[in-house]
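Colleague: Please take a close look at one part of this predicted model for me. I would like the helix near the end of the chain explained in plain steps.

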Amino acid sequence: MVDISTIYKNNSEYLKAEDIGSEMWTVTIYSAEVKSWDNGDRKVVLEFNELENKAMPLNLTNSRAIADIYGG
């Protein structure tokens with residue numbers, strides 16, 4: 001298994017596609033909250049048990065997909 005801390009190449013608090021690469025991960029959602037951005041947008045932001053200090057803002061498509069799976 002890959003040591004997750006070795007894949008983070010930037011200091012952003014948010015997970016980016018380049019952080020993941022071609023690896024397949026299984027993670028557990030720790031929390032989901034709505035965050036307001038400076039431009040007025042609101043997004044659901046997920047945090048995961050396995051990824052310390054990295055959260056994942058969801059676009060509308062991903063938000064709907066997760067809501068369809070888990071209800072919401």
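Modeller: Start with how α2 is covered. Helix α2 is hardly covered: among its 11 residues, the count of buried residues is 1. Buried here means under 20% relative accessible area. The helix spans residues 60-70.

Now take the N-terminal end of α2. N59 caps this end. A side-chain oxygen of N59 lies 3.2 Å from the backbone nitrogen of T61.

Go to the other end. Y70 belongs to α2. Is Y70 buried or exposed? Y70 has a relative accessible area of 62%, so it counts as exposed, because the cut-off for that is over 50%. Y70 also takes part in a nonpolar surface patch. After α2 comes G71. The phi of G71 is positive, near 90°.

Next, set the helix in its chain. The protein chain has 2 helices and 3 strands. Along the sequence, they follow the pattern α-β-β-β-α. Of the 72 residues of the chain, 18% count as buried.

One more site, for contrast of topic: W37. K35 lies over the face of W37, at 5.1 Å from the ring centre. The charged end of K43 also sits over the ring of W37, 5.9 Å from its centre.

Back to your helix, in brief. N59 caps the N-terminal end of α2, G71 follows α2, and the count of buried residues in α2 is 1.

Notes:
Residues numbered from 1 in each chain as written. Predicted model: local features only at pLDDT ≥ 70, side-chain atom pairs only at ≥ 80, totals over all residues. Heavy atoms only, no water. Patch = residues over 30% accessible without salt bridge, like charges linked within 9 Å, V, L, I, M, F, W, Y side chains within 5 Å. Areas by Shrake-Rupley, 256 points an atom, 1.4 Å probe, with all protein chains shown as cover. Salt bridge = Lys/Arg side-chain N within 4 Å of Asp/Glu carboxyl O. Helix = DSSP H or I, 4+ residues; strand = E, 2+ residues; numbered from the N terminus. Buried < 20%, exposed > 50% of the residue type's maximum accessible area, 1.4 Å probe, protein only. Lys NZ or Arg CZ within 6 Å of the ring centre and 35° of its normal. Polar contact = N/O pair within 3.5 Å; in protein donor to acceptor, adjacent residues only side chain to side chain.
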